[in-house]
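Here are my notes on the model you asked about.

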Amino acid sequence: MSEQDKTVKLSDNERLKRESNFLRGTIEADLQDEITGGFTADNFQLIRFHGMYQQDDRDIRGERAKQKLEPLHNVMLRARMPGGIINPDQWLAIDKFAEEKTMYGSIRLTTRQTFQFHGVLKPNIKGMHQMLDSVGIDSIATAGDVNRNVLCTTNPIESELHQEAYEWATKISEHLLPRTRAYAEIWLDGEKSETTEEPILGSNYLPRKFKTTVVIPPNNDVDVHANDLNFIAISENGKLVGFNVLVGGGLAMTHGDTATYPRKADDFGFIPVEHTLAIAEHVVSVQRDWGNRSNRKNAKTKYTLDRVGVNAFREEVESRAGVKFETSRPYEFTTRGDNIGWVEGIDGKHHLALFIQSGRILDYPGKTLKTGCREIAKIHQGDFRMTANQNLIIAGVPTEQKSAIEKLAREHGLIDDSHSNQQKNSMACVALPTCPLAMAESERYLPSLVEKVEGLLTKHGIADDNIILRVIGCPNGCGRAMLAEVGLVGKGPGKYNMHLGGNRIGTRVPKLYKENVSEDIFLPELDNLIGRWATERNEGECFGDFVIRAGIVQEVKISKTDFHS
Amino acid sequence: MLLGQLSSAASPLSAEQVQKLQGLVAELNPIQQAWVSGYLAANANTAVLGSATPSAQAGEAATLTILFGSQTGNAKGVANQLKAQAEARGLTVKLVNMADYKPNALKKEKFITVVVSTYGEGEPPEDAENLHEFLYSKKAPKLAGVKVAVLGLGDSSYEFFCKTAQDFEQRFTELGAQSIFARADLDVDYEDEATTWVNGALDAFEPDLKAQQGNSAQVITMPGIATSTSQYNKQNPFAAELSLVQKITGRDSTKDVRHVEISLEGSDLTYTAGDSLGVYFLNDEVLVDETLSLLSIDAATEITLGDKTISVRQALIENLELTQSYPAFVEKFAAATNNVELVKIAEDKASLREFIEPRQIFDIIRQHPAKLEAQALVDCLRKLQARLYSIASSQSEVEEEVHLTIGLVEFETFGSEHFGGCSGYLAKRAEEGASVKVFVEHNDNFRLPTDTNTPVLMVGPGTGIAPFRAFLQEREASEAQGENWLFFGNPHFTQDFLYQVELQGYLKSGVLSKLDVAFSRDQADKVYVQDKLRKNGAEVYAWLEKGAHFYVCGDANRMAKDVHQALLDIVQQFGGKSEEDAQAYLKDLRNQNRYQKDVY
């Protein structure tokens, strides 16, 4: 493979990684540049490896152009929080920073089970990293061509199993981190050290982003098929014994490019728990060496697998790791969402899952979510868990504190019994105004869209039912619409590609139904289909299964051949 | 006046020629008169007098020296008028900018007229600084036998109105000179009174000068005048189209700064980077109507203004000052309305000053309504003065356009929103496409170096960036090889970085070699342009040493002084000089026209 790559022109990102001096670039010089709020040339890309994206307020981009002002450049920071666990002291620190030093004032929980700051101006960036460091958080490798934040099912009930799985998520994250000291040098004023080597990621890092999860069935909250590498926890008598390993999921595609498609992960087999890091390392190393470095749109693990074949890839991993995959152990996914409300764990502790619409923690009129979280953090003795569904769990509450926390959560609108099932099963990525990739609204559009879909369900007499509905502003997949029953993918202002036919548990990719349509087209379509579903469905049949059975869309079985057919 | 008195009997001209001449002169503005007089004299010299140039000795003895110290060009204009009138009387005059005048020459003078303005807190204009200082120094010569007349220009809305003129007169008389014509302190609407004063002063000088001079008139050429071919000027402004008014501060800025583009198409008006544009504006109709109603004046009432008869409403909108308050208004309005309270305030200078400070003329009327005749109101008010703005464009780039950078003056007081007269008009009331009366005010004291290889240091915080935008356009168009270094400052980087994108472009293309910015309120400790200068002290000094020109534009009261102090410190520190030597170093820069200011 590597022989073949040499004959093709490498993508420019390969050059910039190679020339970056292990991700240092000239970021420090850019920080001194007072003439622009942005980063220049390669640094614009390199800061991603340090967990930041350069963005701007797109709502006022045109206005500022007329004002002869550059776009309102700022960065979005995505923290590295394996398994999404954050303690109350950390919460108070990030809450203070969000309040005082970000343009939007929010803490945004994301589908990568972490939080994002939106709107940090250049003069505040170093201070932000130092604040995070002071409470034991960093943002290394949460973006860029590396292994990103490792997800882990937030199962609070089986606390021991969760603890083991969470520890593996953390170990995998640490094991696959870049070894360069660039982050500490640039942001934390760490001592300068000589050029490092990158034994796992390689000096050119990975061909493309790489995502890993640890999942505890039966809840597929992390959406394994959206990830390159998944460890499915297999337990015996409540003890973790090993993992089934799923490789090659990924949802990103490019509009108009049929060589790109969302793809489910393939099952490589079972490994005992002691081989976890070796397998993780070598799935990464094979993808590092075999991934396409000349065409970034064909660089992810899923395309490597489709190019070389699952067997060839798996055998190479086995040979490098010195471990044979065993036959997969049986497991079943039955759910994907978070159980909103209180549950009691087997350890007797209580856990409160809060539904946070689009993960945006901010004070709204009559719904002071951010203040509520802050007040809870001040008295909470357990931890917080950010979920892959953009919700927040207040975990590990002793019985005697349950009522105090519930009271705060209700006072600040964090518990709101009026949330419908449809609301809880709808999701949006960030999109406008901050995300530079967004082609259409998503987060800001979701509330009104959900209300309309609720209206349709009510109209057809199934108000308590719901459809897994996900909206994304572009086809890159942050909101995982390509595993939804109804997925809307932003195409242009007010225009979406409408996909139908995913399932409840996230094991099927939905098929394109209507291309580039606005609400006045897709809502009547939904109206009609929901009406048919309400009357024609089999017992317990979900909307996604119905549309396939009714022949409204073809099932996508093998993405490479079926998705664009 | 003189021409008016002229008769064919007292001159070599026929009655018909006298009439024609009188007719012609009446049509000419002072600059045109000056040009004609120079032309005629030169013509006469070559055609008739030939080599009959008077000896230097004779000339000096009978020469009227006109010294002017001008900041905005008004004093210079009056000095030119004085010269033209003097020459029309056949007098020999020497017109000199104080900045170019060697103080030692004072002792050779016999007849001196001073036309000088005052700016800021009673300070001499920059051009007058040296001479002013010299007169107060021990080196000042005795001036017994010297005859002098002083004319002051100023703005009575400032506390130290015409102070520099008063200083000059006082020092001249203290040194022994005789003031032969009473000093006049003229306000912003100085034109008519200036003409009266010029004629009065010349009447006073003429007998002595004539007695010593005999018949030979000497003409000294006047550089820098009559370069413009346009018929439009301050008295006859061009009705230009306002083509663009664009806010260039961000939506969250505490400042409202507008980039204004005006079309000069069809005017033949030309300008040079460094010049200013005079803009006449219209007062707010809403406030005008309110004023009329407060004073129970019918809007249609006709009033007399100079030789025009127009409606009082039109006069208030177009011709009279209603925003910037000044002492004389309060005095006249108090008297006209018999308002005891106002009369009392006007009696005490200090309280009058305090009273005026926060109030526009509108406010004074609103707070003291009375029944007043339309004409009486008009007689209380002075003529609306054009506002001058440093031009923010170069014609080599924008051709027949002129660009301005205007900070909207806005403040809340007495329960209502207030706007500056002209900035309020341009930013808030005038619509794009409106006709705005403008003229070009040349400013030879703010010019790029003639040698395009000379490096240029520019300090222009806030709207002070305007002329430097013009400079950069000019330097780019002329493919100047000299380096350019700009210092800019304002409160916030994200909101107030005026012309940010253009400046980034200049950095990228290399037109700007360096750009240093100070955003005072982006961090706990305020940072200003002078701090950035100091931070770059070594390099600033190196630039000065390699011949750079240093320009400052913007706030006179604080910024320009702080920048001057920073420069002094830099020269001391990096030039290893004593404070005195550093002062001399900067003075020398100024004398070489390498340190120029456009401050207000």
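1. **Ground rules.** This is a predicted model, so to speak of local features I need pLDDT of at least 70, and side-chain atom pairs count only at pLDDT 80 or more, while totals for chains, interfaces and linings use all residues. Residues are numbered from 1 along each chain as its sequence is written, and chains are lettered from A and ligands numbered from 1 in the order in which they are written.

2. **Confidence.** pLDDT is the predictor's confidence in each residue, from 0 to 100. Chain A averages 96, and 99% of the residues score at least 70. Do look at residues 1-5 of chain A, though: pLDDT there is below 50, and beyond near neighbours in sequence this stretch has 5 contacts in the model. By contact I mean two residues whose C-beta atoms, placed from the backbone, lie within 7 Å.

3. **Domains.** The bounds come from an automatic or database domain assignment. In chain A, domain 1 covers 1-19 + 143-336, domain 2 covers 52-139 + 338-415, and domain 3 covers 422-562. The C-alpha centres of domain 2 and domain 3 of chain A are 27 Å apart, and each of these two domains puts 16 residues into the contact between them. On the domain 2 side of chain A, that makes 3 nonpolar, 8 polar and 5 charged residues. For the classes, Ala, Val, Leu, Ile, Met, Phe, Trp, Tyr, Cys and Pro count as nonpolar, Asp, Glu, Lys and Arg as charged, and the others, Gly among them, as polar.

4. **Chain A against chain B.** Here 15 residues of chain A meet 19 residues of chain B. The chain A side splits into 6 nonpolar, 3 polar and 6 charged.

5. **The cores.** A nonpolar core is a set of buried Ala, Val, Leu, Ile, Met, Phe, Trp, Tyr and Cys residues joined through C-beta atoms within 7 Å. Buried means 20 or more other C-beta atoms within 10 Å of the residue's own, exposed means 12 or fewer, and partly exposed is in between, again with C-beta atoms placed from the backbone. The largest core has 99 residues, and those with the most contacts inside it include A:Ala165, A:Ala169 and A:Val214. Its largest share, 6 residues, comes from helix 10 (residues 276-290) of chain A. Another core, of 75 residues, lies apart from the largest one, and B:Tyr271 and B:Phe468 are among its members.

6. An unreviewed UniProt entry gives "binding site" at A:Cys429, A:Cys435, A:Cys474 and A:Cys478. They are spread over 50 residues of sequence yet cluster in space, with a largest C-alpha distance of 11.0 Å. One caution: UniProt positions are in the numbering used here, feature names are shortened, and annotations may be inferred rather than shown by experiment.

7. **Two of them up close.** A:Cys429 is in the loop between strand 18 (426-428) and helix 16 (446-459) of chain A, and A:Cys478 is in the loop between strand 19 (469-472) and strand 20 (486-492) of chain A. Helices (H or I, at least four residues) and strands (E, at least two) are DSSP runs, numbered from the N terminus. A:Cys429 counts as buried because 27 other C-beta atoms lie within 10 Å, and A:Cys478 does so because it has 23 such neighbours. Beyond four places in sequence, A:Cys478 contacts A:Thr111, A:Cys429 and A:Ile472.

8. Most residues other than glycine have a negative phi, and most peptide bonds are trans. Check the cis bond joining A:Leu432 and A:Pro433, with omega about 10°; A:Pro433 sits in the loop between strand 18 and helix 16 of chain A. Another cis bond joins A:Pro217 and A:Pro218, with omega about 15°. A:Phe22 has a positive phi of about 55° and is buried, with 21 other C-beta atoms within 10 Å. A:Ala141 also has a positive phi, near 60°, and is buried, with 28 other C-beta atoms within 10 Å.
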